[in-house]
Structure formats: structure tokens, C-alpha cells
Amino acid sequence: MNLRKYLIELLKNNTGEDKNSKEIKTMQQNEIYEKLHADYPDITLKKVRTCLKNLVEEEANLPNEEKTICYEERYGRKTNYYYNKSSTDISDVELKYLIDSIMYGKIFNSKQAKSFAKRVQNLSGKNLKDITPYVNDSFGRQRFILETDVLQNIDIILKAIKSGQCISFNWNVYDIVNGKVETREIYQATVKPIRLILNEGRYCAHVRYEKGRKIYTYNVDLMKEIRIVPGFQDGIREEEIQRNFERAEYLLQTPYNFGGEIKTYKLRVQKKYFSRLVNTFSYGIKIIDGTETEKTVDVRIKATKRGMVYWLLHHYDVAELIENKDEELGKELRDAVESLYKRYCE
């Protein structure tokens, strides 16, 4: 049996703050033992003492308000144990955020989103339902198309990562099929998953191919018929590929999830629209000393070429590239501008 689990459950149900009297209800070791022993005769007082000791020691370095199992101390001995409900309680506002993330995210279809959100509502009371009244049929359809069970795919990928196995799947793209927007299969792939990342509201998987050290990115919602298959025996260790990986740095340097080599770019940004730059690159922005004027400021940022092209085309009205040592980036920008000019100006 799992003594730890039953002991915590016992304290959770029988101790803690009494909202009516505003007193703390506690239990001593002997009381805990007697209640547990009544249901589980194999439990001994010694086992209960050891379990309590381990639980307390695990949280010894936490502030009192964050500890799960609290106690009173008398004459140097721990006594009167109780469960600190505030350490695990989730407020209605926090639950609202979770529900909104579900309802407005890009991971669930409409049916899944409403089902999940209603289950979250059931974790609390009437107040949560009052502040999330849209968790019903009036919400309507999600604003995006989703055919895949993303969480099921994630579950399979996590199992493959944990067991060191590979995954095989059919890779799809969005296309027009019989006059409707649907997914179309492009090819079948077998890869070794390395990590999962949530970016721009979508899960993507970082993977490698057999005998390859280069990391490729696949959006999980476009992976179909995914299954676990035996892992590669090519001698490459994923620990080496993942070394020094920083999730936040990756998301800053690969805007819009475009992979590729990271390079440094110098931009001149209009100060009144500086928030646009911060929204994408956050603390990855380096302001160049002495360049700030009343209207503009020069900065350095790190990004991939494709990510930089995409960002500049979206924000051409607030930023310009003032130092470019990447010839391919310059060519892509010129080709894009020329194409737009021919399309709309000639």
C-alpha cells in the first residue's frame, strides 16, 4: 500500500483551517496511526512516524505558507500535524485563466474545449461558473480548424521520449480538398522525439532523424496516425543535443517557430511602437548605447533568417534593418517587396 498517499489524504480530510471557527484543526501522531490502522491493520506506529518525518523533511526549506504538511513544535518536538490547504488551493481567478486558455487556445476542437472547461468548472463552485458563463453551446465553434486529438499525440510522444523510442507518423499540411479547407498527407516520417514546446498556442515537437544531429520541428496538430516504434541504434545521445538548451532563449530567437541558424541583426525601431518588438523578443533585446533619439532607438536582436524576414514584413512600418551581413536575408526581403510591388502597384 502507499502509506504516504493515505496519510496525506487523511490529514487533508480531517485537519486544517476550520472556516466556521477560524481555528486550525490538528492531529497527533497517535491519532493518525489509530485512524490509519483501523482501515489498514498492517500499518505500524513506526511506519507512520517515519512517513511523517520524511514528508516534513522534504519541505524543510520551503516558507511555512508553501508547506503542504505543517505542525506545531513544543519542547523541540514536532506535534499537532495538519494539512495546509492554502498551499494547494487554486483560486477562481486562476481557474478562469485555465478555462480561457482552453476555450481560446489552438489545441482543442470545440467539443473537446467545452468538455474540458466544464470539468474545470466542477473543481470550484457557483462563483467560477458566474465568471465563465461562456462554457456552453453559445460559445460557438473555435476560430481554427483542428482534426487531430493533440493531447493524445502528446501522450504518445511523451511516452516515446521517456522510453527512448522513436515515433512514426503521417505528416500533413492544410490544403483545399473538394472546395473545403482540410489536411492533406505529405509523407510518412520516423523520428526520435527530443522535447515538446508550446509556442504561439500550438505544441511543436523537436525531433531528429536517424544518424542526424540537426533538430527539426513538427507541429503536433498536423501529425496523424502517430505510433511508437523501436528507437535508433546509431550511438547518438540526445543529452549531447539538448546540452545548454534554454527554452526561453529558443522562443525568443525563433519567432513564429522558424528554425535555422541564429544570427544577430541590427534594427532601428520607432519608440512609440517599441512594444511590438518587446512582444516578440522580450528580454532578448540589446539597446545600443548612444542611439536613442526622440523618435527612434537602435537595437540588436538574435533571430533566424526566416523569423527575421517574417517579423520585418509584418512590422515594416515601425522598424527597419540598418545593418545586414546576411545576404540571403536581404535577397528574401527584396524579392518579397518586389513581388508585392508588382502585384499591387503596377
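Biologist: Where is the place of D317?

Modeller: In this predicted model, D317 lies in the loop between α11 and β13.

Biologist: Why is D317 called partly exposed?

Modeller: The relative accessible area of D317 is 36%. Buried requires under 20%, and exposed requires over 50%. The value of D317 falls in between, so this residue is partly exposed.

Biologist: Which residues is D317 in contact with, leaving aside its neighbours within four places in sequence?

Modeller: With those neighbours set aside, D317 is in contact with Q270 and R276.

Biologist: What makes the meeting of the side chains of D317 and R276 a polar contact?

Modeller: The distance is 3.2 Å, and the cut-off for a pair of N or O atoms is 3.5 Å. The pair therefore counts as a polar contact between the two side chains.

Biologist: How far apart are D317 and Q233 in sequence and in space?

Modeller: They are separated by 84 residues in sequence and by 51 Å in space, taken from C-alpha to C-alpha.

Biologist: Let us turn to helix α12. How do you know that the span of α12 agrees with what its residues should give?

Modeller: Helix α12 has 18 residues, 327-344, which should span 26 Å at 1.5 Å a residue. The expected span uses one less than the number of residues. The end C-alpha atoms of α12 are 26 Å apart, so the two values agree.

Biologist: Which residues in α12 are buried, and what puts them on the same side?

Modeller: L329, G330, L333 and A336 are buried in α12. They cover an arc of only 130° around the axis, and therefore they lie on the same side of the helix. An α-helix has 3.6 residues a turn, so residues three or four places apart point the same way.

Biologist: What is found on the other side of α12, and what do its buried residues pack against?

Modeller: E327, E328, R334 and R343 are exposed on the other side. The buried residues of α12 pack against β10, α11 and β13.

Biologist: Which residue caps the N-terminal end of α12?

Modeller: The cap is D326, with a side-chain oxygen 3.2 Å from the backbone nitrogen of E328.

Biologist: What is the phi of N80, and where is the place of N80?

Modeller: N80 has a positive phi of about 50°, although N80 is not a glycine. Most residues other than glycine have a negative phi. N80 is in strand β4. At 8% relative accessibility, under the 20% limit, N80 counts as buried.

Biologist: How many residues has the largest nonpolar core?

Modeller: This core has 31 residues, and those with the most contacts inside it include I99, F169 and M223. Helix α7 gives the most to this core, with five residues. A second, separate core has 18 residues, among them I285 and L333. In soluble globular proteins, nonpolar side chains tend to be buried together.

Terms used
Residues numbered from 1 in each chain as written. Predicted model: local features only at pLDDT ≥ 70, side-chain atom pairs only at ≥ 80, totals over all residues. Heavy atoms only, no water. Core = buried A, V, L, I, M, F, W, Y, C linked by side-chain atoms within 4.5 Å. Buried < 20%, exposed > 50% of the residue type's maximum accessible area, 1.4 Å probe, protein only. Helix = DSSP H or I, 4+ residues; strand = E, 2+ residues; numbered from the N terminus. Arc of directions from axis to C-beta. Contact = heavy atoms within 4.5 Å. Polar contact = N/O pair within 3.5 Å; in protein donor to acceptor, adjacent residues only side chain to side chain.
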